[in-house]
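Here is a short tour to read alongside the structure. Keep the viewer open and follow the topics one by one.

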Amino acid sequence: MAVGESVQLAPRDPDPDADYSWRVRSAPVASSLELDEDTAVVQFTPDAAGRYVVELDAPDVTYTLTVRVFPGSYLPAGSARSGASGMSGMSGYSGQSGSARPTGFSGGASGSGSAIGDADRGRGGRPRIRLDATVEDGVVVVRADPQPNPDSDTDRDDLVVEFVVDDRDDVDDAAVETDGWELRVPLSAVGDRLRVHAVALDETYSVPDTVTVEREAVADGGFAEAETDPVRTDVTSHADGSGAGSASVSRPNDPPQWSREVTLYEIYVRGYASDDEDADNTFEALEKRLDYLESLGIDCLWLTPVLQNDHAPHGYNIVDFYSIAEDLGTREDYERFVEAAHDRGMKVLFDLVLNHSARDHPFFEDAYKNPDSEYYDWYEWREDGEPGTYFDWEFIANFDHRNLEVRRYLLDAVDMWAEVVDGFRCDMAWAVPDTFWQEIRDRVKAKDPEFLLLDETIPYIADFHEGMFDMHFDTTLYFTLRQVGRGDEPAERILDAIEQRTQVGFPDHAAFMLYLENHDETRYIVECGEDEALAAAGALFTLPGVPMVYGGQEIGQRGRRDALAWDHARDDIREHYERLIEVRDETPALRDGGTFRRIDYEADTDRAIAFVRDHDDGSYLCALNFAPGATTVDVGDLAVDATDIVSADSVAAEGGIRVDDVVVCPLA
């Protein structure tokens, strides 16, 4: 983190009845920072650059935490990470989630931290970094691949890398060596696990990346092969003179591979199948729609909240975090639906709400205007006695995550529902302390490394890919597609939106969810028009990212949260989506392994664009037209097979290719 930022520190897996105490054990000479020793959850706001070591006295042991703080000049531009993390403080929007910074990193190695001022620091934004590791002749070798920001004038060779070894791992610090972009440590100096974190440094610091090396000791003094999961790579080496060593390498910040290949589908639970009068409950009605979704090509479902809630049908005002809403069915009904989805190869995401409860929650009702309530400190309060909230939402009240009972209550709910589903869509992620998300991630990934964490942040925040979330709402692309669809911006802005991901500092391994609409937004076809909606659908399935379809979008539904008009479904729009999903599934260049490339092109309207997706299995020209009627796109000397794989028709035209809404053509 940097001077000028603030992060919330809290004991993990807390016992609300226990006593915890924080203190600063060591700090830079220029610092006068002290922590409130009588508070279990504290705000850490460094006042000087350097290395801090803080201690937490817990009932079982004293824990240490090392925090690397850079000068304030390294604070990323546009950072919203100052002030209390995840606190609103008043009614209305108060910005993003306070701190999104690393606090679990520790010394052991300090790459070139003392030399950061010597680099030829350029201008232009955050660099990026990727870590990989191998075991070579009994030595763990961690190599960094730093990249300057696209807008920076810094040469890649001038980027500095700073490594840190995780506090929690049993590693002989004296055996750790760093040399530029490389860290080395003998496997014999590592216990059962080594986690190495690093940032790239330019005018500011990158989002950190992490690599993990794990091994397992056996009785004869050697090492058994570590259990592996799909994101790990086994490496075997001679660790010392007495026996063999075996280890696995993983990159914990990589999204689960399955999540990068799916087509996601949001179901608004109280409207999607409400026309089914024969089903015994909502989940049974939804289950009866699974065959339709399978035929459409959907392989991941996001259901709006299914927990007991107040009168609002969207379900986000929760009154019981442990019970399924009675109007939807029972927990058994819900689990039966999830199992039926799994039987069809579909993953299921649970909509996780951790920022607030409904004001109808019994704890809030007991606490409201009652300072003597045992739940009073569970909530944020304004000076006028009303609860903290955002956007003047009148039916919710923000939790105060500084309260250990709140954390315990929510963590237990996380544990319960993580056992049932394949991932969480995390509501209002910006309004929950980042360190709480880091704890939740470690908690669910320890049980299932393939569990998905998808954040809703508006705007998106690059730091949320630092040990918190796997996938991010691409809010920038969403707003851009709306502007283009309305005719307020040229279509070229869509390509700018894709490139903005790296410009704001997201690492290359971050995943993004692409969407046109959801339960909070006006239907795209209503706001922008039918021709525009067909082109925007093409954008979802040709641009890099994971496409998401909001239930009814594929049949031309016009109401945002209305019961779906199945009897008036537009077959032509559904067939358009079916074909786009099929083409993406069959074309590696359009999926996760495909890269994105801008090209030179000309069109007779500024509402058309062209770009290329490349893959070892083949490259494809993609073109979108948001204008009514067909347009011709000229791609110059680019050799193109003018057979559109979406329509299977030739789109050859005088002066280029003809584009009605979307075409995808192989490069010759």
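Two strands count as paired if DSSP finds at least two bridges between them. With that in hand, Tyr620 stands opposite Pro666 in S36. Please keep in mind that this is a predicted model.

**The sheet around S32 and S36**

- Strand S32 (residues 620-625) and S36 are joined in the antiparallel sense over five bridges.
- Helix H11 (residues 530-542) packs on the sheet and touches strand S31 (608-614), S32 and S36. The direction of H11 makes about 155° with that of S32.
- Four strands make up this open sheet, in the order S29-S31-S32-S36, with antiparallel pairing.
- Strand S29 (595-598) and strand S36 (662-666) stand at the edges with a single partner strand each, so one side of each is left without a neighbour in the sheet.
- From one strand to the next, the twist averages 25°.

**Another four-stranded sheet**

- An open sheet with antiparallel pairing is formed by four strands in the order S30-S33-S35-S34.
- Its edge strands, strand S30 (602-603) and strand S34 (652-653), each pair on one side only.
- S34 and strand S35 (residues 656-659) run antiparallel and are joined by two bridges. In S35, Gly656 is the bridge partner of Ala653.

**Helix H4**

- An α-helix has 3.6 residues a turn, so residues three or four places apart point the same way.
- Just after H4, Gly345 has a positive phi of about 80°.

**Nonpolar cores**

- The largest nonpolar core has 150 residues, and Leu301, Tyr334 and Phe424 have the most contacts inside it.
- Leaving aside residues up to four places away in sequence, Phe424 touches Leu349, Phe350, Leu352, Val414, Trp417, Ala418, Val444, Phe451, Leu452, Leu453 and Leu454.
- Another core, of 26 residues, lies apart from the largest one and has among its members Leu131, Ala144, Ala198 and Val213.
- In soluble globular proteins, nonpolar side chains tend to be buried together.

- Strand S8 (residues 160-165) is mostly covered, with six of its six residues buried.
- Val160, Glu162 and Val164 point one way from S8, while Val161, Phe163 and Val165 point the other way.
- In a regular strand the side chains alternate between the two faces of the sheet.
- Six bridges pair S8 with strand S11 (residues 193-201) in the antiparallel sense. Val165 stands opposite Val196 in S11.

**The S6-S7 hairpin**

- Strand S6 (residues 128-136) and strand S7 (residues 139-147) run antiparallel, joined by nine bridges. Arg128 stands opposite Gln147 in S7.
- S6 and S7 form a hairpin with two residues between them, and Asp137 in the turn has a positive phi of about 50°.

Conventions:
Residues are numbered from 1 along each chain as its sequence is written. This is a predicted model: local features need pLDDT of at least 70, side-chain atom pairs count only at pLDDT 80 or more; totals for chains, interfaces and linings use all residues. Side-chain values use heavy atoms; hydrogens and water are left out. A nonpolar core is a set of buried Ala, Val, Leu, Ile, Met, Phe, Trp, Tyr and Cys residues joined through side-chain atoms within 4.5 Å. Buried means under 20% relative accessible area, exposed over 50%, partly exposed in between (1.4 Å probe, protein chains only). Contact means heavy atoms within 4.5 Å. Axes are lines fitted to C-alpha atoms, for helices over the stretch in contact, and angles run from 0 to 180 degrees between N-to-C directions.
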